[in-house]
Amino acid sequence: MEDRTLTLTTETGEEIICDILFTYHSDEFNKDYVVFTPRGSNEASAASYIETGNGSGTLEKIETEEEWNLLEDLLDDYSNQQETEGGCHGACGGCSGCASEDCDCDGNCAEHE
């Protein structure tokens, strides 16, 4: 399975592992976006992503209300799709977008243990 995580580093140097829900390229804004949840949280966050090479990049704050509206609509669609697919991932929120069918229904995938 491809790595679906990113690591955020705070100003104090603390590293926060996040699960990527989905990525999206907007032709309208000519930007790439990543929507993610910090591990252990059900609250989604988003940022624009600027690739710097070798599989790494930087995250930038969303700049406009129009961008937020786009991402909120995409997140609603994503959430609705997860619910209609059924199974553990739709019922309990699963593993923040993990593709595994091995969810133990408390938000943790067996693959992540």
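The questions and answers below walk through a predicted model of one protein.

In this predicted model local features need pLDDT of at least 70 and side-chain atom pairs count only at pLDDT 80 or more, while totals for chains, interfaces and linings use all residues. Residues are numbered from 1 along each chain as its sequence is written, and side-chain values use heavy atoms, with hydrogens and water left out.

Reader: In what order do the elements of the protein run from the N terminus on?
Author: Helices (H or I, at least four residues) and strands (E, at least two) are DSSP runs, numbered from the N terminus. The protein has 2 helices and 5 strands. Read from the N terminus on, the order is β-β-β-β-β-α-α.

Reader: What share of the residues in the protein is buried?
Author: A residue is called buried under 20% relative accessible area, exposed over 50% and partly exposed in between, with a 1.4 Å probe and protein chains only. The protein contains 113 residues, and the buried share of them is 27%.

Reader: Which two residues form the aromatic pair, and is the pair stacked, edge-to-face or tilted?
Author: Rings of Phe, Tyr and Trp (its six-membered ring) pair if their centres lie within 6.5 Å, and planes under 30 degrees apart count as stacked, over 60 as edge-to-face and the rest as tilted. The structure holds 1 aromatic pair. Its ring centres are 5.3 Å apart and its planes stand at 40°, so phenylalanine 22 and tyrosine 78 form a pair that is tilted.

Reader: How many residues apart in sequence are the parts that this pair ties together?
Author: Phenylalanine 22 is buried at 12% relative accessibility, and tyrosine 78 is buried with a relative accessible area of 13%. Because phenylalanine 22 belongs to strand β2 (residues 15–26) and tyrosine 78 to helix α1 (residues 65–84), the pair ties together parts whose separation in sequence is 56 residues.

Reader: Is serine 48 buried or exposed?
Author: Serine 48 has its place in strand β4 (residues 45–53). Leaving aside neighbours within four places in sequence, serine 48 is in contact (heavy atoms within 4.5 Å) with residues including Lys31, Tyr33, Thr58 and Glu60. Its relative accessibility is 5%, so serine 48 counts as buried.

Reader: How far apart in space are isoleucine 17 and glycine 40, C-alpha to C-alpha?
Author: Isoleucine 17 lies in strand β2, and at 34% relative accessibility isoleucine 17 counts as partly exposed. Not counting residues up to four places away in sequence, isoleucine 17 touches Thr5, Leu6, Thr7, Pro38 and Arg39. Isoleucine 17 and glycine 40 are 23 residues apart in sequence, and their C-alpha to C-alpha distance is 9.4 Å.

Reader: What is the phi of asparagine 30?
Author: Asparagine 30 sits in the loop between β2 and β3, where it is exposed with a relative accessible area of 61%. Although asparagine 30 is not a glycine, its phi is positive, at about 50°.

Reader: Which elements give two or more residues to the lining of the second largest pocket?
Author: About 380 Å³ of space lies in the second largest pocket, and of the 19 residues that line this pocket the closest to its centre are Thr5, Leu6, Ile20, Tyr49 and Gly55. On a 1 Å grid over the protein atoms alone, a pocket is an open set of points where a 1.4 Å probe fits, with protein on both sides within 12 Å along at least five of seven lines, and lining residues have an atom within 4 Å of a point; the volume is the space filled by probe spheres set on the points. The elements that give two or more residues to the lining are β1 (5–9), β2, β3 (31–38) and β5 (56–60).
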